[in-house]
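Welcome to this short briefing. Please take a look at the sequence and the model, and then read on for the points grouped by topic.

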Amino acid sequence: MRRQVLVFISILSLSSVFGQVSYSISEEMAQGSLVGNIAQDLGLDVKRLRLGNARVYSGDSREYIELNSERGVLLIKERIDREALCGDTTPCAVHFQIVLENPMEFYSVTVEITDINDNAPSFEKSDIQFRISESAVVGAKFVLERAVDLDVGINSLQSYVLKPSDNFLLKLHNQADGTKNVEMVLQKPLDREKNEFISLALTALDGGEPQMSGTMQILITVLDANDNAPVFTQPIYKGTVAENAAKGTIVTTVSASDADHGLNGKITYSITNTLDDVRHMFDINEDSGEVRLTGHLDYEKKRTFQINVRAMDHGGLTDSCKVIVDVVDINDNEPTIKIMSKSAIISESANPNTVVTMINIQDPDSGENGKVQCFINDNIPFVLKSTSNHFYSLVTDGELDRERASEYNITVSCSDEGVPSLSSSVTLTLQISDVNDNAPVFERSSYEAYIVENNTPGLSIFTVKARDADWNQNARVSYILEDSSVNGVPVSSYVSVSADSGVIHAVRSFDYEQIKDFHFRVKAQDGGSPPLSSNVTVKILIQDQNDNPPQVLYPVQTGGSLVAEMVPRSADVGYLVTKVVAVDVDSGQNAWLSYKLQKATDRALFEVGLQNGEIRTIRQVTDKDAVKQRLTVIVEDNGQPSRSATVIVNVAVADSFPEVLSEFTDFTHDKEYNDNLTFYLVLALAVVSFLFITCLVVIISVKIYRWRQSRILYHSNLPVIPYYPPRYSDTLGTGTLQHVYNYEVCRTTDSRKSDCKFGRAGSQNVLIMDPSSTGTMQRIQSEKSILDEPDSPLEQKPPNNDWRFTQGPRPGPSGATGGPEVAMGTGPWPQPPTEAEQLQALMAAANVSEATATLGPGTMGLSTRYSPQFTLQHVPDYRQNVYIPGSTATLTSNPQQQQATAQQAAQQALPPPQASAQPEPPKAAQTPASKKKSTKKEKK
C-alpha cells in the first residue's frame with residue numbers, strides 16, 4: 001500500500017497556529033490502520049497533544065479518522081468506501097481539523113482516498129433485445145447500454161468484448177466526461193432466412209489487478225427491412241435550471257428525425273442513464289422529446305447533470321444524444337456558525353489578544369452567495385479576527401474589569417453577500433472571574449461621633465462602613481482598629497471595633513473632665529489574596545454630663561477653727577460683706593452657677609448676688625442686730641438635674657475685734673451631724689421595731705404552747721388536791737412556827753377554776769398570790785421536782801426584804817393597819833378557806849391514796865406525806881402576815897381565833913376509824929369568792 005504525506009504549515013501573526021497536512025490512503029483499509037504520524041508531521045510533541053486535549057473536528061461529516069493522542073498518530077476509525085464517499089469525484093479526500101487548547105490551535109488535515117479494484121463492471125440489464133431489419137446496411141450502428149464500474153482510474157471500465165463477432169463489431173466513442181459510448185456496428189448484412197435470432201455476449205472489462213468483468217446478453221431479432229435510423233438534430237443539448245425550480249419545469253427539448261415512413265418512421269425518446277439519479281430528477285416525453293424536472297435540485301449537492309437520450313423508431317433503429325443540464329445557484333442557505341472551542345469563564349486580568357472562542361463559518365452557496373462576513377456587537381472589549389478561510393477567533397481587545405461588567409453576552413452575526421442576503425447569529429455568554437484589584441472604600445473620608453460621658457462600657461457608639469467592589473471572598477470586608485495611643489494609653493483600652501459589622505463600642509466609661517475628644521484610625525481589609533486595605537480617621541467627641549457638684553473655694557470650710565466676716569455697725573446699704581467663690585468642673589450650662597441664701601439669722605439684713613455670689617447688706621445695720629450672724633448659702637449649677645453645694649458664712653456685726661472675741665468665745669463650730677442623726681434615728685427605729693416584733697412572736701409562741709399543754713388535760717376529772725408542805729416561810733419573822741417553811745403546791749388542770757393561784761414572782765421563799773399564774777402541774781414539776789423528792793432538804797434563800805414590812809410601813813391606806821373587816825374577811829378581800837376546810841382536803845387525799853395513784857408522777861407520795869400520823873401541828877397558819885401583791889391591804893387574823901378555829905376544824909375533819917376504809921374522793925371546797933368567780937366565768 002502506498003501512502004503519501006504532504007505537509008504545509010503556515011504561521012500566522014495571531015495566537016492560534018494554522019497548518020495543513022495531507023495523507024493518501026487506500027479505501028477499504030481495516031479499522032485501526034495507521035494513517036500517519038500527525039505529531040511528527042506537524043513537529044509537535046506528543047505531550048502537547050495530550051495536554052492540549054487534542055481532538056478531531058470534522059464538522060457535520062462523519063468521522064472516518066481518529067486521533068490517538070498517546071502515540072500522536074491518526075488511525076482508521078471506520079472502513080472507508082471511496083465509491084460511497086465520493087462517487088465518481090476524483091480525487092476523493094476527507095477533510096478535518098486537529099484542534100488543540102491551552103493555547104488554542106488548529107491544523108487542517110486532508111486524507112486522500114485512493115481507489116482499489118473492488119467493483120466489477122456491471123450492466124443494468126442482464127440482457128437486451130434488438131429488432132433489426134434485414135435490410136440494415138453494413139455499418140448500421142446499434143447503441144448498446146454502457147457498463148458501469150464504480151471504481152475510478154485504471155480500476156474503472158476499460159474495454160468491451162463482443163462475441164461472437166460474425167455480423168457485428170464493437171465501436172467505442174470517448175466522451176468528454178471520460179466515459180465511452182458502446183455501439184454495435186453491423187459489418188455483414190443480415191439474412192433473416194439464415195438466422196432469424198442472433199445471440200451475442202457483450203463483456204465489459206476493467207483495468208484492475210486482478211481484472212474484473214461483467215457480461216450482458218444481446219438478443220437480436222432480424223426484421224424485415226427498415227433501412228433508416230432516427231437522427232438527432234444535434235449531438236449535445238444544453239439547458240439551465242435554477243435549484244429552486246418547481247417540479248414539471250421544462251429544461252430542454254430534443255428532436256430526432258427518421259426518413260422512413262409509417263411505423264418505421266415513428267420515433268420514441270427515452271433516457272438511458274442507469275445508475276445515477278438522473279431518472280429520479282428528470283423525465284422525457286416519449287413523443288415530443290421534452291425534458292422535464294421531476295425532483296428537487298440542490299446546487300450544493302450536484303451542480304451538473306448529464307442526460308443520455310435515445311431516439312428509436314419502430315424498426316428498432318436508434319440514435320443518441322446528450323443533454324447537459326447546469327443547475328443555477330440560489331442564495332438559499334444561511335451561514336452556519338460552528339463553535340470549535342470556547343471558554344465560559346475568563347479572568348479579568350487576562351492579557352489583550354487572549355483567545356476566548358474559535359469559530360468555523362460554513363455557507364454551502366457559491367459565488368457571492370457563499371461569501372460570508374462576520375462581526376460582533378459593539379462596545380465590548382472583544383474583537384473577531386479571521387485566522388483563515390471560514391475560521392475566526394474571538395480575542396480580547398483590551399483590559400477587562402469585572403466591576404464594570406461581570407458578564408458579556410457576545411453575539412456573533414454572520415451574513416453572506418447574496419441577494420437577498422441571509423444571516424445567522426449565535427450568542428456566547430462569557431463570565432468574567434474576579435481578581436482582587438479593588439481595595440475597600442469607606443463611605444466617608446472621616447467620621448465624627450458623639451458620646452455622653454459616664455457611659456456604660458460596651459455601649460455601641462456608631463458604625464463605620466466600607467464597601468469593596470470585588471466579589472465574594474475578595475469583597476468580604478473586615479474592620480481592624482489600628483494601633484495608636486491616646487495620652488499614652490493604647491486606643492484599644494478606649495474603644496473596640498467589631499471585625500464583621502464595623503460597630504465601634506466603648507470599652508470604658510468616659511469622663512469629660514479627663515478627656516474631651518480623641519482620634520484613632522480604623523482599617524478595612526478585604527479577604528483577597530493578597531488582601532487590600534484602606535483606613536479612615538474617626539474622631540470621638542465626649543459630651544459633658546452634669547456629674548460634678550459645685551465646689552466652694554471661698555470661704556474655706558475648716559473643721560477646727562472659726563472664720564467670721566466682720567461688718568461694722570456703721571455699714572450702709574449694699575455693704576460688701578464677702579463673696580462666695582465656687583467653681584464647677586463641668587462645662588457649658590452644667591457649669592453655670594447661681595447663688596441663693598438658704599438660711600440666715602436675719603434674712604432682712606443680708607442678700608446674696610444670684611450670679612456673682614456677693615453677700616451684701618440690704619439695710620442699715622443697727623445696734624439691735626445680733627453680733628453673731630450665720631448665713632447658709634447654696635450654690636447650684638444649671639444642669640439637668642442640677643447639683644448643689646452649701647457653705648456656711650459666719651458674720652460678726654461689730655466695730656472692734658475684742659467685741660467680736662467676747663461674743664464668739666462660745667460660738668462653737670456646728671458639727672456636721674444632721675445627716676448622721678437622721679441615719680441613726682432610722683437605724684434605732686428599725687432595731688426597736690425588730691426587737692418588739694421578736695418579743696411579740698416569742699410571747700405569742702409561749703402562750704400558744706401553754707394553751708396547747710393545758711388543752712391536753714383540760715377534760716380530765718382529777719380533783720384539786722392542795723397540800724401544804726412542812727416548811728413555811730414567815731415573811732415577817734413573827735410566826736408561831738420555829739422554822740421557816742415554804743409553800744409548794746401541786747395542781748391539776750381543774751385547779752384553774754380556783755380563785756387562788758400561786759406563783760413564784762420575786763422570790764422562791766415567799767408565797768404570793770398571782771392571778772396571772774396559769775401554769776399546769778407538768779410545768780411546775782419540770783421546774784421543781786418536789787414531789788419526786790418530798791423529804792429532801794432544800795437550801796432556802798433568804799427572804800426577800802422587799803416583801804417584808806413592819807407594822808408601820810405595811811401596805812395599806814397611809815400605812816395604817818386594816819380594820820376588823822379586813823382581818824375577818826368581811827371587806828372587799830375574798831374570804832380565805834379555814835383550817836378545817838384545808839384539813840378535810842388533806843385527810844381526803846390521804847384516804848384516797850390508792851385512787852390517786854394513777855394521777856402520774858405529779859401526785860405520787862401524797863399518801864405517804866399526808867399519812868394518818870399527820871397532826872395539826874404541821875399545819876401552818878397560812879393567813880398570818882401574807883402580803884398579796886398589787887393590793888393595798890394586808891390579811892391579818894387573831895391568834896386566839898385562829899387556834900380555836902383550827903381545833904374545831906380538826907374535830908370536824910377527823911372521821912371515825914371505820915369510815916376511813918373506803919372514803920369517797922372529796923371535791924375541792926369553794927370559798928365564796930371562788931363561787932363568784934366561777935359564776936362570772938360561766939357567764940363569760
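**Briefing on the predicted model**

N53 is partly exposed, with a relative accessible area of 44%; the term covers the range between buried, under 20% relative accessible area, and exposed, over 50%, using a 1.4 Å probe and protein chains only. This is a predicted model, in which local features need pLDDT of at least 70, side-chain atom pairs count only at pLDDT 80 or more, and totals for chains, interfaces and linings use all residues. Residues are numbered from 1 along each chain as its sequence is written, and side-chain values use heavy atoms, with hydrogens and water left out.

**The chain as a whole**

- The protein chain holds 56 strands and twelve helices; both are DSSP runs numbered from the N terminus, with helices being H or I of at least four residues and strands being E of at least two.
- Of the 940 residues in the protein chain, 39% are buried.
- Among the contacts in the protein chain with a separation of 6 or more, 67% are between residues 24 or more positions apart; a contact means heavy atoms within 4.5 Å.

- Three strands make up an open sheet in the order β3-β6-β5, and their pairing is antiparallel; two strands pair if DSSP finds at least two bridges between them.
- β3 (34-36) and β5 (65-68) each have a single partner strand, so these edge strands are left with one side that has no neighbour in the sheet.
- From one strand to the next, the twist averages 40 degrees; axes are lines fitted to C-alpha atoms, for helices over the stretch in contact, and angles run from 0 to 180 degrees between N-to-C directions.
- Four bridges link β5 with β6 (residues 73-76) in the antiparallel sense, and E66 stands opposite L75 in β6.

**The sheet with β9, β15, β14 and β11**

- This open sheet has four strands in the order β9-β15-β14-β11, and its pairing is mixed.
- At the edges are β9 (127-133) and β11 (157-163), each of which pairs on one side only.
- Direction ignored, neighbouring strands of this sheet are turned against each other by 25 degrees on average.
- β9 and β15 (residues 213-223) run parallel and are joined by seven bridges.
- S133 has L223 in β15 standing opposite.

**Backbone points worth a look**

- As a reminder, most peptide bonds are trans, and most residues other than glycine have a negative phi.
- The peptide bond from E209 to P210 is cis, with omega near 0 degrees; P210 sits in the loop between β14 (197-206) and β15.
- V419 and P420 are also joined by a cis peptide bond, with omega about -5 degrees, and P420 lies in the loop between β31 (407-416) and β32 (423-433).
- N53 is not a glycine, yet has a positive phi of about 55 degrees; N53 is placed in the loop between α2 (46-51) and β4 (55-57).
- N472, likewise not a glycine, has a positive phi of about 60 degrees, and is found in the loop between β36 (466-467) and β37 (477-481).
- N472 counts as partly exposed, at 49% relative accessibility.
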